[in-house]
Amino acid sequence: MRIDVWLWAVRLFKARTASAAALRAGRVKVGGQVVKASYQVRPGDVVTWRDALRPREVVVIALLPKRVGAPEAVKAYDDLSPPIPRRERQLEVGVRDRGTGRPTKRERREIDRLRGRSTGDW
């Protein structure tokens, strides 16, 4: 089975064109080797690529002839990817009380200074 079709069928990519584009760009590897969209994937292959949030690594368990529902799709691969990183807590610096309006120019510059942003020399 073609790898671009398999990635789409198990719902790892939203569209087959998206999986083919990632393969064409050389972002998807099988066993550490960059592969083309026509690569024939087999059970036991380790497929890796970089997602928007994290690096992904999956092991092919089953080949699906067509796109299936999510509960069936997760049975076709074993996900070895690290968990999605949590967002760092945002600093409480420069938080204004609700309803106090927009900050003045002086307050905005103080907020920028506290956040470490350059305000220029004017």
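## Overall layout

Helices here are DSSP runs of H or I with at least four residues, strands are DSSP runs of E with at least two, and both are numbered from the N terminus. With that in hand, the protein reads α-α-β-β-β-β-α-β-α along the sequence, which comes to four helices and five strands.

Before going further, a word on what you're looking at: this is a predicted model, where local features need pLDDT of at least 70, side-chain atom pairs count only at pLDDT 80 or more, and totals for chains, interfaces and linings use all residues. Residues are numbered from 1 along each chain as its sequence is written, and side-chain values use heavy atoms, with hydrogens and water left out.

## The sheet

The five strands make an open sheet in the order β2-β1-β3-β4-β5, with antiparallel pairing. At the edges sit β2 (33-34) and β5, each of which pairs on one side only. Two strands are taken as paired if DSSP finds at least two bridges between them. As background, strands of a sheet pair through backbone hydrogen bonds, either parallel or antiparallel.

Strand β3 covers residues 46-50 and β4 covers 55-60, and the two pair in the antiparallel sense over five bridges. They form a hairpin, with four residues between the strands.

## Salt bridges

How many salt bridges does a search of the whole structure find? The count is six, where a salt bridge means a side-chain nitrogen of Lys or Arg within 4 Å of a carboxyl oxygen of Asp or Glu. The general idea is simple: side chains of opposite charge can pair when their charged atoms come close.

For the burial labels below, buried means under 20% relative accessible area, exposed means over 50%, and partly exposed is in between (1.4 Å probe, protein chains only). Asp-51 and Arg-56 meet through their side chains at 3.5 Å, N to O. Asp-51 is partly exposed at 31%, whereas Arg-56 has a relative accessibility of 10% and so counts as buried. Helix α4 (residues 105-115) holds both Arg-108 and Asp-112, four residues apart, or about one turn of the helix. Their salt bridge has its closest N and O atoms 3.4 Å apart. Arg-108 is partly exposed at 37%, while Asp-112 is buried at 13%.

The Glu-72 and Lys-75 side chains also form a salt bridge, at 3.4 Å from N to O. Glu-72 is partly exposed, with 45% relative accessible area, and Lys-75 is exposed at 56%. Finally, Arg-2, Asp-4 and Arg-16 are tied together in a network of salt bridges.

## Burial, surface and contacts

What share of the 122 residues counts as buried? The figure is 28%. The protein exposes about 9100 Å², and carbon and sulfur atoms supply 51% of it. Those areas come from the Shrake-Rupley method with a 1.4 Å probe; for residues, only the protein chains shown count as cover.

As for contacts (heavy atoms within 4.5 Å), take those between residues at least 6 apart in sequence: 40% of them join residues at least 24 apart.
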